[in-house]
Amino acid sequence: MHIIEVSTGELIEIEISEVVEKDFEIIDEEKYFFDWNEYKGSHKVYKLMISKEPQILGLMALREFQNEYRVEVSLIACSRENYSQSKRYDKIAGCLLAFACREAIKTYGYMAAVSLKPKTVLKEHYQRKYGMKSAGISLFLEGEGMLNLINEYSV
Amino acid sequence: MKSRDILKTLKEEELSDSFVLPNDLTPEESSIADKELLQVLEEKRRTFDETKKVHFKTLQFKYLLEDYINNKNTDQVLPLNHFTKMYLETLDEAKKDFANKINLKESTFNRFIKGQVFNHNTIVDIVLKLGNYSNNTIPPITWFRVWEKQLESKIINCTSTYTDNNKKDKLVYEK
């Protein structure tokens, strides 16, 4: 899996893993925009880091809907250095979303789906950027849609 | 500026590029949204053909193997034949049919599944055939890494036994 260093265009190898208790000590609202402690217990929280480096560049909270073979992306946030036109690294959120697809397939096989309930104004952006489909309020990926994203982000 | 306030200043494109934000739905609205989605997903799943199902099952197995390989916990090392058996179960394949499909003698494959094949050339051959069978969805190198982990564990265990024996010898000598 890779993100892109915006200034050089260089591909940087990353790792995504589940956040452990100790990480919550350094995940603060100032740097990661939200109180991630709220997601402890009810969600699985994942962190994206450059391989062998300590900084967390992005976070994602996933909620399992086992009976529906579905994983819901409740929250994704890049760190404060990586969110706007002046961001240092690109493709952090895409990598996290593609990773959610991988985890869904790992758990649910061909039945797997990934969904999110977007802010209305952002719906079209997610559809365009990640190929998500609309189902009422929700957006989702399943089947080929998940494979496309996994391939695009080399997860 | 507080971090939450920054979000209010971003353009939609910037927001969608770096965030999936919490929604403002009530529990009732959220529940309705889930029901709508489930209906659509169930309809999609009904149209899945067998080829696609096999591809997803293979991918599912690949991700399990990758996570196993990357797990540094050496207490949970499982042999290559164990995972091959699991792979056959995942694909609902009989041993005999599978041996034929990968062009391997049934007796050799049976011995391999029982963990009775130790010849490295034979194992390399099986690893290549396993990769080829999945059209490289699970590449031979992934199967090889499972075998490598098995060998690594064996060496670590042999080394610790060897070292322990040496220590005992030394203790006896020192007495």
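Me: Which residue of β7(A) does Glu72(A) stand opposite?
Reply: This is a predicted model, and in it β5(A) and β7(A) run parallel, joined by three bridges. Arg70(A) stands opposite Ala113(A) in that pairing. For Glu72(A), the residue opposite in β7(A) is Ser115(A).

Me: Thanks! And which residue of β9(A) stands opposite Ala113(A)?
Reply: Here we turn to another pairing of β7(A), the one with β9(A), which is antiparallel and has four bridges. In β9(A), the residue opposite Ala113(A) is Glu142(A).
This makes Ala113(A) a handy landmark, as it also stands opposite Arg70(A). The β9(A) residue you asked for is Glu142(A).

Me: Are the two faces of β7(A) covered or open?
Reply: In a regular strand, side chains alternate between the two faces of the sheet. On one side of β7(A), Ala113(A) and Ser115(A) are buried. On the other, Val114(A) and Leu116(A) are buried too. Both faces of β7(A) are therefore, by the cut-off of 20 or more other C-beta atoms within 10 Å, best described as covered.

Me: How many residues of β5(A) are buried?
Reply: β5(A) spans residues 70-78 and pairs with β4(A) in the antiparallel sense through eight bridges. It also has β7(A) as a parallel partner. Of the nine residues in β5(A), the number buried is nine.

Me: Which residue in the hairpin of β4(A) and β5(A) takes a positive phi?
Reply: Most residues other than glycine have a negative phi. The hairpin has four residues between its strands, and within the pairing Glu64(A) stands opposite Val71(A). The residue with a positive phi, near 55 degrees, is Tyr69(A).

Me: Which element gives the most residues to the side of chain A that touches chain B?
Reply: The contact takes 41 residues from chain A and 35 from chain B. Elements giving two or more residues on the chain A side include α2, β7 and β9. With seven residues, the one that gives the most is β5(A).

Me: How many residues on that side of chain A are nonpolar?
Reply: The side of chain A that touches chain B has 10 polar residues and 11 charged ones. The nonpolar residues there number 20.

Me: Are α2(A) and α4(B) roughly parallel or roughly perpendicular to each other?
Reply: Their axes lie 8 Å apart and meet at an angle of about 105 degrees. Arg102(A), Ile105(A) and Lys106(A) make the contact from α2(A), with Phe56(B), Leu59(B), Gln60(B), Tyr63(B) and Leu64(B) from α4(B). Those residues divide into five nonpolar, one polar and two charged. Angles of 65 to 115 degrees count as roughly perpendicular, so α2(A) and α4(B) are roughly perpendicular.

Me: What distance separates the centres of the two domains of chain B?
Reply: The domain assignment gives domain 1 as residues 3-46 and domain 2 as residues 53-174. Taken over C-alpha atoms, their centres are separated by 42 Å.

Me: How far apart in space are the C-alpha atoms of Val124(B) and Lys35(B)?
Reply: Val124(B) sits in α8(B) and is partly exposed, because 14 C-beta neighbours fall inside 10 Å. In sequence, Val124(B) and Lys35(B) are 89 residues apart. In space, C-alpha to C-alpha, the distance is 49 Å.

Me: And what separates the C-alpha atoms of Pro139(B) and Lys62(B)?
Reply: Pro139(B) is in the loop between α8 and α9 of chain B, and is partly exposed with 17 other C-beta atoms within 10 Å. Along the chain, Pro139(B) and Lys62(B) are 77 residues apart. Their C-alpha atoms are separated by 8.8 Å.

Me: Is Lys91(A) buried or exposed?
Reply: Lys91(A) is in the loop between β6 and α2 of chain A, and its phi is positive, near 80 degrees. It has 23 C-beta neighbours inside 10 Å, so Lys91(A) counts as buried.

Terms used:
Residues are numbered from 1 along each chain as its sequence is written. Chains are lettered from A and ligands numbered from 1 in the order in which they are written. This is a predicted model: local features need pLDDT of at least 70, side-chain atom pairs count only at pLDDT 80 or more; totals for chains, interfaces and linings use all residues. Two residues are in contact if their C-beta atoms, placed from the backbone, lie within 7 Å. Ala, Val, Leu, Ile, Met, Phe, Trp, Tyr, Cys and Pro count as nonpolar, Asp, Glu, Lys and Arg as charged, and the others, Gly among them, as polar. Domain bounds come from an automatic or database domain assignment. Axes are lines fitted to C-alpha atoms, for helices over the stretch in contact, and angles run from 0 to 180 degrees between N-to-C directions. Angles under 35 degrees count as roughly parallel, over 145 as roughly antiparallel, 65 to 115 as roughly perpendicular and the rest as oblique. A residue is buried if 20 or more other C-beta atoms lie within 10 Å of its own, exposed if 12 or fewer, and partly exposed in between; C-beta atoms are placed from the backbone. Two strands pair if DSSP finds at least two bridges between them.
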